[in-house]
Amino acid sequence: MKLKTFETERLLLRPAVVEDAAFVLELLNTPKWLQFIGDRNVKNLEAAKTYIKTRMLPQYERLGYGNYTVIRKRDSVKLGCCGLYDREGLDGVDIGFSFLPQYEGQGYGYESAHCIMMAGINQFGLQKIGAITVEENLASQRLIKKLGLIFNKKIRLGDDDEELLYYEFIVS
């Protein structure tokens, strides 16, 4: 299956590949990832490769979309990730995003998330897109609302005790 790369004015959004392991290792161990998303126990390059192979690639094979590495066009620097995720315990697809700290606050989150959201609707035929975040992650909530998602309810996923805010966008 040929997976599509998406493009915005400043960014390329390329499906994650095993060669992104060093970047994924760095991203998954940033303070905000650990605080707001959680420790995925990815502590070395081999664990990052395994994470990509077992957590990211299977969804592409199943659905044709998933986690995209966000790359700045002008210098090919990997800034973060953005994607559409089929999460256990959620009814429908969840849009998610995370960036290295030095690239936050520059509009890359909105630019990439808007692009992926439109692809979800226009190319993958999604009728509903959700988003989850912890209550303390105000920056994530602002971006989710800017994308047009509306707060729906508080939820818990699986056995997790943590209460999450669930937002939703329904295609009319």
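In this predicted model, leucine 13 is in contact with Lys4, Thr5, Phe6, Thr8, Tyr68, Thr69, Val70, Ser112, Cys115 and Ile116, when residues up to four places away in sequence are not counted. Leu13 also belongs to the largest nonpolar core, which has 47 residues. The residues with the most contacts inside this core are Leu13, Leu84, Ile95, Phe97 and Ile116. Helix α4 supplies the largest share of the core, seven residues. Another core, of eight residues, lies apart from it and includes Phe36, Leu90, Leu164 and Tyr166.

Helix α5 spans residues 138–146, and its buried residues are Ser140, Gln141, Leu143 and Ile144. These four lie on the same side of α5, because they cover an arc of only 165 degrees around the axis. In general, an α-helix has 3.6 residues a turn, so residues three or four places apart point the same way. The buried residues of α5 pack against β5 (93–99), α4 (108–122), β6 (128–133) and β8 (164–170). The face turned away from the buried side of α5 carries exposed residues, namely Leu138, Arg142, Lys145 and Lys146. Just after α5, glycine 148 adopts a positive phi of about 100 degrees.

The structure contains zero disulfides. For cysteine 81, the closest cysteine sulfur is that of cysteine 82, at 7.5 Å, which is too far for a bond. For cysteine 115, the closest cysteine sulfur is also in cysteine 82, at 8.1 Å, again too far for a bond. Cysteine 81 counts as buried because its relative accessibility is 6%. Cysteine 115, with a relative accessible area of 14%, is buried as well.

Definitions and conventions. Residues are numbered from 1 along each chain as its sequence is written. This is a predicted model: local features need pLDDT of at least 70, side-chain atom pairs count only at pLDDT 80 or more; totals for chains, interfaces and linings use all residues. Side-chain values use heavy atoms; hydrogens and water are left out. Buried means under 20% relative accessible area, exposed over 50%, partly exposed in between (1.4 Å probe, protein chains only). Helices (H or I, at least four residues) and strands (E, at least two) are DSSP runs, numbered from the N terminus. The arc is that of the directions from the helix axis to the C-beta atoms. Contact means heavy atoms within 4.5 Å. A nonpolar core is a set of buried Ala, Val, Leu, Ile, Met, Phe, Trp, Tyr and Cys residues joined through side-chain atoms within 4.5 Å. A disulfide is a pair of cysteine sulfur atoms within 2.5 Å.
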